[in-house]
Amino acid sequence: AGLAGNRLGATAVQAYVSVILNRALSAFAWFLSNPPTAADTAAHEAKLLQEIASGRKLLLVGHSQGNLFLNSAFRAVYPKTSIQAMKAVQVAPASALAYGPYTTATIDAVIGGLVNMGFLGGVLPPNWTLPASHLTLDWSGHRFLETYLNRSLTSSASPDRPPSSPS
């Protein structure tokens with residue numbers, strides 16, 4: 001009975017992981033088939049430069065796929081500004097590059113799925129240990145509000161390792 005229960009448990013976990021990966025890959029496929037245009041990117045960069053020119057300091061915050069846009073904008077705008085004008089914070093980056101501190105939860109199934117599938121040339125390693133019990137609140141361990149901005153998780157709120165620095 002114990003062995004059969006283990007097989008059923010393993011099958012349930014495999015099915016759960018399959019659902020998560022399918023959702024993540026579907027979203028990624030949608031992004032690939034509906035990429036932002038050069039005009040979108042140029043407008044984004046122009047707006048950032050306009051804000052900096054008006055004296056504002058910017059903090060760019062990217063979550064998951066949004067980090068791809070953040071990285072693009074940062075590469076284009078940062079060389080045209082002072083070092084104090086723009087900073088980045090990256091949450092669950094779906095890339096192997098961060099232009100500022102980043103946090104990825106060990107239980108983040110979306111980013112974990114990208115790691116396991118070898119997408120995007122890799123992603124940054126998880127650096128925030130969360131208990132598996134949190135998955136009852138956020139089944140993916142990836143949602144911005146439910147996981148990454150969840151105040152009830154403050155007991156382990158600092159990353160396990162120092163964040164990366166700009167390359």
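Biologist: In which loop is Ala92 found?

Modeller: This is a predicted model, and in it Ala92 is found in the loop between strand 2 (86-91) and strand 3 (102-103). Its phi is near 50°, a positive value in a residue other than glycine.

Biologist: Why does Ala92 count as buried?

Modeller: Buried means under 20% relative accessible area, and Ala92 has 0% relative accessibility, so Ala92 counts as buried.

Biologist: What can be said of Ser64, and why does Ser64 count as buried?

Modeller: Ser64 lies in the loop between strand 1 (58-63) and helix 3 (66-77), and its phi, near 60°, is a positive value in a residue other than glycine. The relative accessibility of Ser64 is 13%, and because the cut-off for buried is under 20%, Ser64 counts as buried.

Biologist: Which residues are on the covered face of strand 1, and which are on the uncovered one?

Modeller: The covered face is formed by Leu58, Leu60 and Gly62, whereas Leu59, Val61 and His63 are on the uncovered one. Leu59 and Val61, together with Val89, also make a nonpolar surface patch of about 250 Å².

Biologist: What makes strand 1 and strand 2 a pair, and in which sense do they pair?

Modeller: Two strands pair if there are at least two bridges between them; strand 1 and strand 2 have 6 bridges, and they pair in the parallel sense. One of the bridge partners is Gln90 in strand 2, the partner of Gly62. The chain crosses from strand 1 through helix 3 to strand 2, and this β-α-β crossover is right-handed.

Biologist: How many bridges do strand 2 and strand 3 have, and how do you know that they pair?

Modeller: Strand 2 and strand 3 have 2 bridges, in the parallel sense, and because the requirement is at least two bridges, they count as paired. In strand 3, Thr103 is the bridge partner of Val91.

Biologist: What is the order of the strands in the sheet, and which are the edge strands?

Modeller: The 3 strands form an open sheet with the order 1-2-3 and parallel pairing. Strand 1 and strand 3 are the edge strands, because each pairs on one side only. Strands of a sheet pair through backbone hydrogen bonds, either parallel or antiparallel.

Biologist: Where does Glu51 lie, and why does Glu51 count as buried?

Modeller: Glu51 lies in helix 2 (residues 38-53). Its relative accessibility is 15%, and buried means under 20%, so Glu51 counts as buried. Leaving aside residues up to four places away in sequence, Glu51 touches Arg56 and Leu58, and Leu58 is on the covered face of strand 1.

Biologist: How many helices and strands does the protein chain have, and what share of its residues counts as buried?

Modeller: The protein chain has 5 helices and 3 strands, which run α-α-β-α-β-β-α-α from the N terminus on. Of its 167 residues, 33% count as buried. The accessible surface of the protein chain comes to about 9600 Å², of which 63% belongs to carbon and sulfur atoms. Among contacts between residues at least 6 apart in sequence, 66% join residues at least 24 apart.

Methods: Residues numbered from 1 in each chain as written. Predicted model: local features only at pLDDT ≥ 70, side-chain atom pairs only at ≥ 80, totals over all residues. Heavy atoms only, no water. Helix = DSSP H or I, 4+ residues; strand = E, 2+ residues; numbered from the N terminus. Buried < 20%, exposed > 50% of the residue type's maximum accessible area, 1.4 Å probe, protein only. Patch = residues over 30% accessible without salt bridge, like charges linked within 9 Å, V, L, I, M, F, W, Y side chains within 5 Å. Areas by Shrake-Rupley, 256 points an atom, 1.4 Å probe, with all protein chains shown as cover. Salt bridge = Lys/Arg side-chain N within 4 Å of Asp/Glu carboxyl O. Right-handed = clockwise from strand over helix to strand, strands pointing away. Contact = heavy atoms within 4.5 Å.
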